[in-house]
Amino acid sequence: PWDGGTTNRPGARHGPREVRNASSLVRLYHPVSMKSPYDVCKVADIGDCPVNPADLQDSLKKIELFYKNIVDSKTTPLTIGGDRLVSLPVLRALAKNKPVGILQFDSHSDTWDTYFGGFKYTHGTPFRRAIEENLIDPKKYVILGLAIPVILFLAMHYWSKFNDKTKNRIIALIFGIIALAFVILISLLIF
């Protein structure tokens, strides 16, 4: 429950509590499929991750340690809530032995270098830091849902600024999403 990396519209720290509130009436079985997730895997809410709301770097360390303990226990974490900077320490724990693949559903790539005059750790920078720290395998990094005007700007930005080993893959993905969005738009207009 943390949004210490937020530069606009704080409140993501309330996410975990609200997910718990919304799920308080979840039944053992899905009403249509009659399947239970508990028959497939062991599921548990292990509570909130410790954070320091007054110290961003300390919070990043606390979150990483919390997830390191989860990973060391051979448990697969599912994280809900907090601002997007929470992803960085989680990835540090998950990718301690090798880079991981990411399927990111977001209208923002969160790959800015800095925000507001040089701040490198904000909700808009975690995936840039993760790539720089070799936590994400760029060959296995897919972002779905990017806002099209942002995509065009990012394509130009990355083409000129980003690391040679990743830029062509990200640019190809970005233009691929633009093409897909264009095809969808045209098909909606025609049919």
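**Exercises on pockets, a helix pair and confidence**

Twelve nonpolar, five polar and four charged residues make up the lining of the second largest pocket. Here Ala, Val, Leu, Ile, Met, Phe, Trp, Tyr, Cys and Pro count as nonpolar, Asp, Glu, Lys and Arg as charged, and the others, Gly among them, as polar.

The model is predicted: local features need pLDDT of at least 70 and side-chain atom pairs count only at pLDDT 80 or more, while totals for chains, interfaces and linings use all residues. Residues are numbered from 1 along each chain as its sequence is written, and side-chain values use heavy atoms, without hydrogens and water.

**Exercise 1.** Locate the second largest pocket and state its volume.

*Solution.* 
1. A pocket is an open set of points on a 1 Å grid over the protein atoms alone, where a 1.4 Å probe fits, with protein on both sides within 12 Å along at least five of seven lines; lining residues have an atom within 4 Å of a point.
2. The volume is about 530 Å³.
3. Of its 21 lining residues, T79, S87, V90, I102 and F127 lie nearest the centre.
4. α4 (87–94) and β1 (100–105) each give two or more residues to this lining.

**Exercise 2.** Describe the largest pocket by volume, centre and lining.

*Solution.* 
1. The volume is about 1100 Å³.
2. A44, D45, I46, L78 and I80 are the closest to the centre among 36 lining residues.
3. By class, the lining holds 22 nonpolar, eight polar and six charged residues.
4. The largest share, four residues, comes from α3.

**Exercise 3.** Work out how α3 and α4 pack.

*Solution.* 
1. The axes (lines fitted to C-alpha atoms over the stretch in contact) come within 8 Å and cross at roughly 40 degrees.
2. On the α3 side, L60, I63, E64, Y67, K68 and V71 meet P89, V90, R92, A93 and L94 of α4.
3. This contact (heavy atoms within 4.5 Å) involves eight nonpolar, no polar and three charged residues.

**Exercise 4.** Decide which element has the lowest mean pLDDT and which the highest.

*Solution.* 
1. pLDDT is the predictor's confidence in each residue, from 0 to 100; the chain averages 78, and 76% of the residues score at least 70.
2. Where pLDDT is low, predicted coordinates should not be read in detail.

Terms used
Grid points are joined across faces, edges and corners, and a volume is the space filled by probe spheres set on the points. Axes are lines fitted to C-alpha atoms, for helices over the stretch in contact, and angles run from 0 to 180 degrees between N-to-C directions.
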